[in-house]
Amino acid sequence: MSSTHAHPNYVKIWFWLVILLIISTLGPMLEIPVITLITAFGIAIVKAFMVAANFMHLKFEKHIIWFLMLMSLTLLGVFFFGVAPDIMQTEGDQWIDCISDNSCVEQRL
Amino acid sequence: MSNRGPVATHRSATGVPTGRLAVWWVVASEVFIFGGLIACFVLFKLNGTPGFEDASETSVVAGAFNTFVLLTSSLTVVLAHAAIERGDRQKAFNYIWCTFGGGIVFLMVKIYEYSGKIISGHTITENLFWSFYYTMTGLHALHVIGGMVIMALISFDILKGYNFQRVELIGIYWHFVDLVWIFLFPLFYIANF
């Protein structure tokens, strides 16, 4: 069994992925944090989408595969926002911030 | 295409061949494994945790080169898929081994990087950044090795004329490994602020 769709021009897609890689590598040389964020992570998202859609053939897949991926990404979002307060909040009666003073290992002992 | 192999390979309840659906389930679970690690890394970085400035110690050139290698290996494995759909077994075999070669190059660069960092004193226990670095890139490297082993095994099957569908299945897995690296590269090599 195999997919029966027409294959896109993979070399052309690879070429654009390499161009995006060059941009994302050169972007931080401007040393502007906003530009670095866009060229590093913005382009990473574009590249990931191009790989998933064209190389993994996600754009030819049935909806069930899209739902499967959306479900895992949604659960990941739940995990992210569920864990965020534990890492980001450093105030409270029971809070012990052992990372800042590097004393986590001693506390476990 | 040949009909040899497990029955599950040739039937489908969802409209997606069972083997391919299984690989997508693997990918979904991997999203959570790597995504969970990436989420924690981002949260600690946003929180200004000490040690994350060490991202400037990693080699952007090595990271970019490895990204190029994985992108190119993704191209060769998808060309193997296209070749096997045309029934060109020899070409598919060659492309699979080009992908395998890409995996070898990637691992060689990784070994070079690891040894340099360890010699410089940056070990997994130094701080949280290096813990994440070795855990995530090490887990990723294990996935690369796993993919290479599977590719080597299926390449001889397709030369013999069966299990052609596995070229597409290993391709999906390999592209996911590439996709994970696409996110690890900016996290560990580029975002030094």
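This briefing describes chain B, its side facing chain A, and the residue B:Phe176. The model is predicted, with local features requiring pLDDT of at least 70, side-chain atom pairs counted only at pLDDT 80 or more, and totals for chains, interfaces and linings using all residues. Residues are numbered from 1 along each chain as its sequence is written, and chains are lettered from A in the order in which they are written.

**Chain B**
- Chain B contains 5 helices and 0 strands, where helices (H or I, at least four residues) and strands (E, at least two) are DSSP runs numbered from the N terminus.
- The C-alpha trace of chain B extends about 55 × 35 × 20 Å along its principal axes.
- Of the 193 residues in chain B, 43% are buried (20 or more other C-beta atoms within 10 Å of the residue's own, with C-beta atoms placed from the backbone).

**Side facing chain A**
- Chain B contributes 46 residues to the contact and chain A contributes 41 residues; two residues are in contact if their C-beta atoms, placed from the backbone, lie within 7 Å.
- On the chain B side, helix H1 (18-46), helix H2 (60-85) and H5 each supply at least two residues.
- H2(B) gives the most to this side, with 12 residues.

**B:Phe176**
- B:Phe176 lies in helix H5 (residues 165-190) of chain B.
- B:Phe176 counts as buried because it has 26 C-beta neighbours inside 10 Å.
- Beyond its neighbours within four places in sequence, B:Phe176 contacts B:Val27 and B:Glu30.
- B:Phe176 and B:Trp24 are 152 residues apart along the chain, and their C-alpha atoms are separated by 9.8 Å.

Key:
A residue is buried if 20 or more other C-beta atoms lie within 10 Å of its own, exposed if 12 or fewer, and partly exposed in between; C-beta atoms are placed from the backbone.
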